[in-house]
Amino acid sequence: NSVWVSTDHDEIEKVAKQFGAQVHRRSPEVSQDSSTSLEAIREFLNHHHEVDIVGNIQATSPCLHPSDLIKVADLIQKEGFDSVFSVVRRHQFRWSEVKKGENKMTEPQNLNPAKRCRRQDWPGELYENGSFYFAKRHLIEKGYLQGGKMAYYEMRAEHSVDIDIDIDWPIAEQRVLSFGYFGKEPLKEVKLLVCSIDGCLTNGRIYVTEDQKEMVSYDYRDIVGIDLLKKRGIQVRLISERDCSKTLSAMKLGCIAKVSATNKLQVLEDWQKDMGLSWKEVAYLGNEESDVECLKKAGMSGVPADACAVAQKAAGYICKSNGGCGAVREFAEHIFLLLEKVNSARKQ
């Protein structure tokens, strides 16, 4: 019936409202590092007596799909369950822990080593994956998110992504691109990548020789990335605020380029219209404040790891590589993952 974001942060409130959510301002008491989701939900209910059922969606599970939530809501509203939570099926053999200094052996928990079966022949076990918890008001007021007439909802393994520690991020990024929810609008293939030369294709440094000639350096991996994009039918065009035509000529990339560009967004719009593309078919890799509007417009946007803060904020993807050190190749791989998602959707 309504979608709420519970936060005590002004910027999160702003973004939530931009996407159509309502905002509940958390009190300092339930905004501590040690605060639980249950505490925040109970505070919310104290201010919203009209709410009978709460679906607590965890932000750390980014592959959740609306179809799952609709089915779970039906379990409570139509089938009479008091609480429903998400699980995923795992095929992992468990053994008892032997603590250091204990004089005992480990024991099997869910297998018989003498009749060990193949994991693919074993039905596995259900584990909570922390994606969502739905519960009726009377349970939450008693201090429970699970209780009463309970049911679990088994999510598909590819949709079960949980970000707990920093090393989970790259896995989550890959999963979201391959299995994430991209909205009702059909996915579009990327047809054009526009790359800022200075700070993306190069590291932004300009070397000047004694005879006043300029030199820049680039990473061969990025050249390979551009070639791979072209082989996939994606046009690559370059843009720069400087007049670096001699440098581009020496690099022999075979890409259309616009140098001395005082208005990058206007150049991007002209290219987009000339090619008859929607914005979802355009990708942009930039790194400076002058790239921000282009990053916001493009269907896919990325920045190198050392891009300025405002560019990072506007981008959908932040590379792990710095400009001139493989960022173009990395962003190309990011695009290829999206193309796999498009092809998979078409097959389905």
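Leaving aside neighbours within four places in sequence, serine 86 is in contact with Tyr127, Glu128, Asn129, Gly130, Ser131, Phe132, Tyr153 and Met155, where contact means heavy atoms within 4.5 Å. Serine 86 is found in strand 4, residues 83-90. Helices (H or I, at least four residues) and strands (E, at least two) are DSSP runs, numbered from the N terminus.

Before going on, this is a predicted model, in which local features need pLDDT of at least 70, side-chain atom pairs count only at pLDDT 80 or more, and totals for chains, interfaces and linings use all residues. Residues are numbered from 1 along each chain as its sequence is written, and side-chain values use heavy atoms, with hydrogens and water left out. As for pLDDT, that is the predictor's confidence in each residue, from 0 to 100. The mean for the protein is 90, and 98% of the residues reach 70 or more. Confidence is lowest in strand 9 (residues 214-215), with a mean of 72, and highest in strand 6, at 97.

Back to serine 86. Is serine 86 buried or exposed? Serine 86 counts as buried, because its relative accessibility is 0%; buried means under 20% relative accessible area, exposed over 50%, partly exposed in between, with a 1.4 Å probe and protein chains only. Its side chain reaches the backbone nitrogen of serine 131 at 3.2 Å. A polar atom of that side chain also lies 3.2 Å from the backbone nitrogen of phenylalanine 132. A polar contact here is a pair of N or O atoms within 3.5 Å; within protein, one must be able to donate a hydrogen and the other to accept it, and residues adjacent in sequence count only if both atoms are side-chain atoms.

Phenylalanine 132 brings us to the rings. Rings of Phe, Tyr and Trp (its six-membered ring) pair if their centres lie within 6.5 Å; planes under 30 degrees apart count as stacked, over 60 as edge-to-face and the rest as tilted. By this rule there are 5 aromatic pairs. One of them is phenylalanine 132 with tyrosine 153, a tilted pair at 6.1 Å centre to centre and 50° between the planes. That pair links distant parts of the chain, with phenylalanine 132 in strand 5 (residues 125-136) and tyrosine 153 in strand 6 (residues 150-154), 21 residues apart. Both residues are buried. Phe132, Phe134 and Tyr153 form one aromatic cluster.

An open sheet of 6 strands has the order 11-10-7-12-13-14, with parallel pairing. Strand 11 (256-258) and strand 14 (317-318) stand at the edges with a single partner strand each, so one side of each has no neighbour in the sheet. Two strands pair if DSSP finds at least two bridges between them. Strand 10 (residues 235-239) and strand 11 run parallel and are joined by 3 bridges. The bridge partner of leucine 238 in strand 11 is alanine 257.

Last, helix 9, residues 264-274. Which residues of helix 9 are buried? They are Lys264, Leu265, Val267, Leu268, Glu269, Trp271 and Gln272. What covers them includes strand 7 (192-196), strand 10, strand 11, strand 12 (282-285) and helix 10 (292-297). At the start of helix 9, a side-chain oxygen of asparagine 263 comes to within 3.3 Å of the backbone nitrogen of leucine 265. Just after the helix, glycine 276 takes a positive phi of about 65°.
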